[in-house]
Amino acid sequence: ATATAGSAAASPDVAASSATTIVTLIADRLVLADTVARSKWVTRSAIDDPVREHAVLDAAARTAPPGAPALRVRVVVRDQIEASKTVQRALFAGWSATPRTAPRTDPDLRNVRTRISDLTAEIAAATVRPGTVGGIGCLADLASVTSRVVVDRGLDAVHTIALVQAERSVCSR
Ligand SMILES: O=C(O)C(=O)C[C@]1(C(=O)O)C=C[C@@H](O)C=C1
């Protein structure tokens, strides 16, 4: 790689390591959709919970660092919510089709939601942090980190597609 002049924040290494941070946080949040889906299946709850979505979006806007672009935070968090529902719908479809694979015990949604809220705040902060991903090479960094995370975590097709969905706006400014 050719070294370019500029601030440390804009260096290729820093950009790549922030891509790692963001993709890791996004994947951490996304895999919690499995637990949420199990709870909702067992309690026969709807996947869509608009009240909770509202709370998640508002909390992210509230806890975003001062001066953070509010719209960008909302768009990125919205992508996380939609990706979570992609996973949940796919799991529900599988359990409907093959009931013997369906969960039987409710994993208690409260703890998972606390963790989801924490990760949402971290994702929001990481996407708007100065010097973070977004410049030239952002999509390339994202793609290479994503394929590594997919392999390392053994993500299946559904989670891989949802991960890419969740990353949709990470490189847009
Ligand atoms: O907390 C839930 O019930 C979830 O399914 C998680 C989540 C989210 O990603 O924050 C996703 C879909 C729901 O509509 C609400 C919130």
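1. **Basis.** This is a predicted model: local features need pLDDT of at least 70, side-chain atom pairs count only at pLDDT 80 or more, and totals for chains, interfaces and linings use all residues. Residues are numbered from 1 along each chain as its sequence is written.

2. **Overall layout.** The protein chain has 6 helices and 0 strands. Helices (H or I, at least four residues) and strands (E, at least two) are DSSP runs, numbered from the N terminus. In sequence order the pattern reads α-α-α-α-α-α.

3. Of the 173 residues in the protein chain, 27% are buried. A residue is buried if 20 or more other C-beta atoms lie within 10 Å of its own, exposed if 12 or fewer, and partly exposed in between; C-beta atoms are placed from the backbone. Two residues are in contact if their C-beta atoms, placed from the backbone, lie within 7 Å. Take the contacts in the protein chain with a separation of 6 or more: 86% of them join residues 24 or more positions apart.

4. **The core.** Which residues touch the most other members of the largest nonpolar core? They are I22, I26, L30 and A124, in a core of 30 residues. At least two residues of this core come from each of α1 (12-42), α2 (50-63), α3 (70-97), α4, α5 (138-153) and α6 (157-166). α1 gives the most, with 10 residues. A nonpolar core here is a set of buried Ala, Val, Leu, Ile, Met, Phe, Trp, Tyr and Cys residues joined through C-beta atoms within 7 Å.

5. **Helix α4.** This helix covers residues 109-128, which is 20 residues. The expected span is 1.5 Å times one less than the number of residues.

6. **α3 with α6.** The two axes come within 8 Å and cross at roughly 165°. Axes are lines fitted to C-alpha atoms, for helices over the stretch in contact, and angles run from 0 to 180 degrees between N-to-C directions. α3 and α6 are therefore roughly antiparallel. The cut-offs are these: under 35 degrees is roughly parallel, over 145 roughly antiparallel, 65 to 115 roughly perpendicular, and the rest oblique. The crossing is right-handed. A crossing is left-handed if the near helix is turned anticlockwise from the far one by less than a right angle, and right-handed if clockwise. From α3, D79, Q80, E82, A83, T86, V87 and A90 take part; they meet V158, H159, I161, A162, Q165 and A166 of α6.

7. **α2 with α3.** These helices pack at about 145°, with axes 9 Å apart. Their crossing is right-handed. On the α2 side, E53, V56, L57, A60 and A61 make the contact; on the α3 side, A70, V73, R74, V77, R78 and I81 do.

8. **α2 with α4.** The axes come within 9 Å and cross at roughly 45°. That makes α2 oblique to α4. This crossing is right-handed. V56, A59, A60 and T63 of α2 meet S117, T120, A121 and A124 of α4.

9. **V73.** V73 sits in helix α3. Is V73 buried or exposed? V73 is buried, because 24 other C-beta atoms lie within 10 Å. Neighbours within four places in sequence aside, V73 contacts A60, A61, A64, A68, A124 and V128. V73 and A124 are 51 residues apart along the chain, yet their C-alpha atoms are separated by 5.6 Å.

10. **Two residues with positive phi.** R44 is not a glycine, but its phi is positive, about 55°. R44 is in the loop between α1 and α2. With 6 C-beta neighbours inside 10 Å, R44 is exposed. D108, also not a glycine, has a positive phi of about 70°. D108 lies in the loop between α3 and α4. D108 has 10 other C-beta atoms within 10 Å, so D108 is exposed.

11. **T160.** T160 lies in helix α6. T160 counts as partly exposed, with 16 C-beta neighbours inside 10 Å. Beyond its neighbours within four places in sequence, T160 is in contact with V150 and L155.
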